[in-house]
Every structure is written in C-alpha cells, then in structure tokens.
Amino acid sequence: MSTPTTQIQSPFDIQWVRQQFPAFARQINGHAAAFLDGPGGTQVPQRVIDAISDYLICCNANTHGQYPTSRESDAVLAQAHQAMADFLNCDVDEVAFGPNMTTLTLALSRAIGRTLQAGDEIVVTRLDHSANVSPWVALEELGVKIQRVDINVNDCTLDVDDLKSKLNERTRVLAVGYASNAVGTVNPVGEITKVAHEVGAMVFIDAVHYAPHGLIDVRTIDCDFLACSPYKFFGPHSGVLYGKRERLKALTPYKVRPASNELPDAWETGTQNHECITGVLAAVNYIADISRHTTEAKLGRRQALEASFTEIHRYERQLTEKLISGLLGIPDVTVYGITDPKQFDHRVGTVSIRMKGQSPAEIANRLGEKGLFTWDGNFYALDLTERLGIEDQGGLLRIGVLHYNTEEEIERLLVELRGMA
Ligand SMILES: Cc1ncc(COP(=O)(O)O)c(C=O)c1O
C-alpha cells in the first residue's frame with residue numbers, strides 16, 4: 001500500500017547539517033546507514049571529535065595546577081559549563097557535569113534522602129525511564145512512600161489529574177520526565193512544576209529525551225533540578241545536572257573531604273571526563289550554529305540556540321508527520337503514543353510501533369540489514385511497557401526522528417515496513 005509523500009518546504013539547511021557528521025558515510029550491505037536510533041544516542045559532528053582529540057593533544061591535565069596545560073584545561077572546562085548554562089538558561093555554577101544522567105540522579109537522590117523522614121512521599125510516573133524512577137524508589141528503605149502516576153493508555157500521555165491527586169503536603173519530590181524516550185510524549189512540565197510547588201515539593205525533571213528536540217529553559221519551568229545527557233544531543237557520553245543554586249547549596253552531597261564545597265565542584269565527584277566535557281562545548285556550539293549558519297544576524301549563543309531549536313522543531317515535525325501518517329497506512333501496525341497531528345505539539349518525533357505477528361527484535365534486525373537503525377525492547381521505560389501489557393512480547397520497535405534525518409530515510413523505512421506487512 002502506498003502513502004502520499006508530503007514535500008518538505010523548510011529554510012532549514014539539511015545539506016549543511018548532513019555534512020557535519022562523518023558517521024553518515026557509513027554503508028551497510030550497500031545501503032547508506034540511516035540513524036533512526038537517536039533516542040539511544042546520537043551521532044556527533046566532526047567538531048566534537050576534533051575538540052576531544054585537541055584536548056587530549058594540547059591541554060590534557062588535571063585541574064587547578066600551577067602550570068599552562070592545567071590552566072588551559074581549567075579554562076576550557078569553564079567554557080563548557082558556560083555553554084551548558086546557556087543551553088539550559090541558568091547560571092554557570094548551577095551546572096554540574098558527571099558520567100551520565102543515571103549516576104548524577106543517583107547522587108542527587110541519595111543526597112536528598114539525607115533530608116527525608118519516614119512518611120515523606122515521592123511521586124514518580126509510569127511514563128518515565130527507570131533512571132528517573134529507581135533512584136527515587138531506592139529511598140523506600142528510609143520509609144519514604146512512593147506514589148506512581150498513571151498514563152492515559154490510549155495515547156500514552158501522562159494522566160495529569162492522577163498526578164495532581166498524588167501530590168499532598170507530605171510530597172517532598174516530584175520526579176517527572178520532560179519527554180518520553182519510548183513514545184515521544186512531551187509532558188507539561190511548567191504546569192506540573194507549579195502544582196508541585198504549591199504543596200511545597202521539589203521538582204526533578206529528566207530532560208534527557210527532550211534535549212535534542214527543543215529549547216530547555218529551567219528559569220521558565222522553575223524546576224528545582226533537571227538532568228540531561230549530551231550524548232543524546234550530538235555530544236560525547238556524559239551527563240549534566242542543573243540545580244537551583246539555593247537547592248544545591250542546601251543539600252550535602254556524598255563527597256570526599258579534600259574536594260571543594262563550592263558549586264558546582266561539590267557535585268562533580270572525582271576527576272571528570274575532561275575531554276568529553278570539551279566535546280560538550282563543541283556540541284552546544286554546533287546546535288547554535290544551525291541557525292547562525294542561515295542568518296546574517298550576529299546571534300548570542302542562547303539566542304542562536306533558541307533560533308536553532310525553532311528550525312529543528314519545524315523540520316522534525318514535518319518528518320514526524322510523514323512517518324506517522326505512513327505508519328498508520330500500513331496494515332497490522334499499531335502506533336503507540338500521540339497520532340493526531342493536532343496534538344503533535346505534545347510529542348517529539350520518537351515513534352514506537354508493534355506489527356501483528358512479528359517481534360520488534362525481528363523487525364529491527366531486518367531493518368538493520370538494510371542500513372535502517374532502530375531499537376527494540378523497553379528502552380528502560382519498563383513501567384510503561386508493563387503498563388501497556390507488551391513487556392513479555394518484546395516491547396516496542398522505536399524509530400527516532402532527529403534534525404539530521406531526511407525525508408528519504410523515512411520513505412526507505414516505510415517501504416521496508418510495508419514489505420513486511
Ligand atoms: C529519558 C531518559 N532518561 C534517562 C536516561 C539515562 O541516561 P544516561 O544514559 O545518561 O544515564 C535515558 C537513556 O536512554 C533516557 O532516554
């Protein structure tokens with residue numbers, strides 16, 4: 001069955017974008033590799049690779065030494081903190097780097113645990129990745145009660161009424177995702193934060209999945225903490241934690257005695273991965289350059305990021321519309337999550353499906369042979385696949401649309417899936 005093709009009209013310079021990523025030269029069995037696996041980790045532009053190797057060649061040293069390479073290392077690490085502060089719209093001392101989001105979240109939840117008492121409550125959701133569930137559930141050992149927010153099964157959106165009903169004066173933390181890494185739902189994090197603050201709870205947002213798709217503004221959201229992972233937004237493997245200054249200062253992180261108590265150092269346990277942090281700086285600059293590249297205007301970095309994400313959003317939405325309308329036209333395919341284009345402002349282009357009679361792993365394997373990289377399983381969104389009753393059936397096949405994907409890649413994927421139906 002064929003589906004009409006939507007022609008994309010966009011000022012977005014996809015040719016320039018594609019040229020930035022050396023990985024796109026990869027061929028599989030004579031097919032160009034199509035990286036639709038972004039939700040598991042994105043490819044990186046050449047400048048990120050160069051920044052990492054330049055760091056290792058030129059200023060590879062530990063911090064705060066009295067010699068040139070150490071000072072240069074300190075300087076580039078400070079620039080990377082500033083880049084992430086611009087990315088999140090916060091102050092530079094409110095940004096801590098770490099190995100990944102999971103490790104940072106475990107460190108934060110343990111530190112928050114030091115302030116909790118039996119009978120306190122924490123709210124988590126069934127839509128979230130386990131990295132934003134297990135670190136909080138671990139605090140049950142302190143006598144903390146965990147409340148779990150349900151989803152609307154028909155479109156995999158968060159049941160916000162259920163969330164509100166679970167907040168009360170005993171709630172200490174609400175842990176919620178910005179966007180689902182399994183089905184693409186974007187949660188109303190600003191609204192949710194406001195209601196959580198009304199009962200005096202702190203709000204932790206897992207923005208790992210949202211970060212490559214949209215501009216994050218921690219000041220507008222007003223969340224207390226937020227974490228993301230640069231390897232999901234065109235950087236190297238690493239993690240970033242934002243915390244409101246007064247919140248970070250009020251907590252006592254687990255750390256060693258000689259390590260600084262200043263922010264953000266107190267939260268950056270041990271020696272950091274300096275070369276990757278340097279790569280994060282290059283990744284943020286790459287995103288800013290997506291818009292700088294198409295305008296004469298001299299944009300500051302935050303302004304440029306804002307303009308880039310506007311272009312990214314518009315372009316990704318067109319690809320997502322093409323993908324979802326194509327998938328809905330394939331017999332025996334079920335799309336999980338929001339499928340109504342009128343609701344597409346509440347989703348990103350991460351689209352998960354099941355196909356009658358075929359396991360997601362089989363489909364992913366067949367697509368992989370054609371150079372189409374997708375993921376199968378639960379992607380650690382285990383509460384969700386269990387809630388949907390598909391965990392024991394191989395979970396989902398996940399197709400991830402990013403700004404570096406093309407209409408042609410989506411068409412190739414749809415052709416293969418139609419051939420399997
Ligand atoms: C939504 C979401 N949250 C958290 C994580 C965990 O991030 P990290 O790998 O940086 O620990 C992931 C990783 O896939 C994710 O997709």
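P264 is found in the loop between helix 9 (245-250) and helix 10. This is a predicted model. The ligand sits in the second largest pocket.

**Largest pocket**

- The largest pocket holds about 550 Å³ of space.
- Its lining is made up of 24 residues, and T63, H64, H81, D265 and E268 are the closest to the pocket's centre.
- Two elements, helix 3 (68-88) and helix 10 (274-292), each give two or more residues to this lining.
- Helix 3 provides the largest share, with four residues.
- By class, the lining of the largest pocket has nine nonpolar, ten polar and five charged residues.

**Second largest pocket**

- The space in the second largest pocket comes to about 450 Å³.
- This pocket is lined by 24 residues, and those closest to its centre are H129, N181, Y231, K232 and F379.
- Its lining divides into ten nonpolar, ten polar and four charged residues.

**Ligand and its surroundings**

- Which residues are around the ligand? They are N100, M101, T102, H129, A131, N181, D206, V208, H209, S229, Y231 and K232.
- This shell has four nonpolar, six polar and two charged residues.
- H129, N181, Y231 and K232 are around the ligand, and these four are also among the residues closest to the centre of the second largest pocket.
- N181 uses its side chain, where a polar atom is 3.4 Å from an oxygen atom of the ligand.
- Y231 also uses its side chain, with an N or O atom 2.4 Å from an oxygen atom of the ligand.

**Backbone details**

- Most peptide bonds are trans, and most residues other than glycine have a negative phi.
- The bond that joins L263 and P264 is a cis peptide bond, with omega about 0°.
- P264 belongs to the loop that runs between helix 9 and helix 10. The neighbouring part of the chain also bears on a pocket: D265 is among the residues closest to the centre of the largest pocket.
- N89 has a phi near 65°, which is a positive value in a residue other than glycine.
- Where is N89? N89 lies in the loop between helix 3 and strand 4 (95-98).
- Helix 3, on one side of that loop, is also the element that gives four residues to the lining of the largest pocket.

Methods: Residues numbered from 1 in each chain as written. Predicted model: local features only at pLDDT ≥ 70, side-chain atom pairs only at ≥ 80, totals over all residues. Heavy atoms only, no water. 1 Å grid on protein atoms, 1.4 Å probe; cavity = no way out; pocket = protein on both sides within 12 Å on 5 of 7 lines; lining within 4 Å. Points joined across faces, edges and corners; volume = space filled by probe spheres on them. Nonpolar A, V, L, I, M, F, W, Y, C, P; charged D, E, K, R; others polar. Near = heavy atom within 4 Å. Polar contact = N/O pair within 3.5 Å; in protein donor to acceptor, adjacent residues only side chain to side chain. Sits in = over half its atoms within 2 Å of the grid points.
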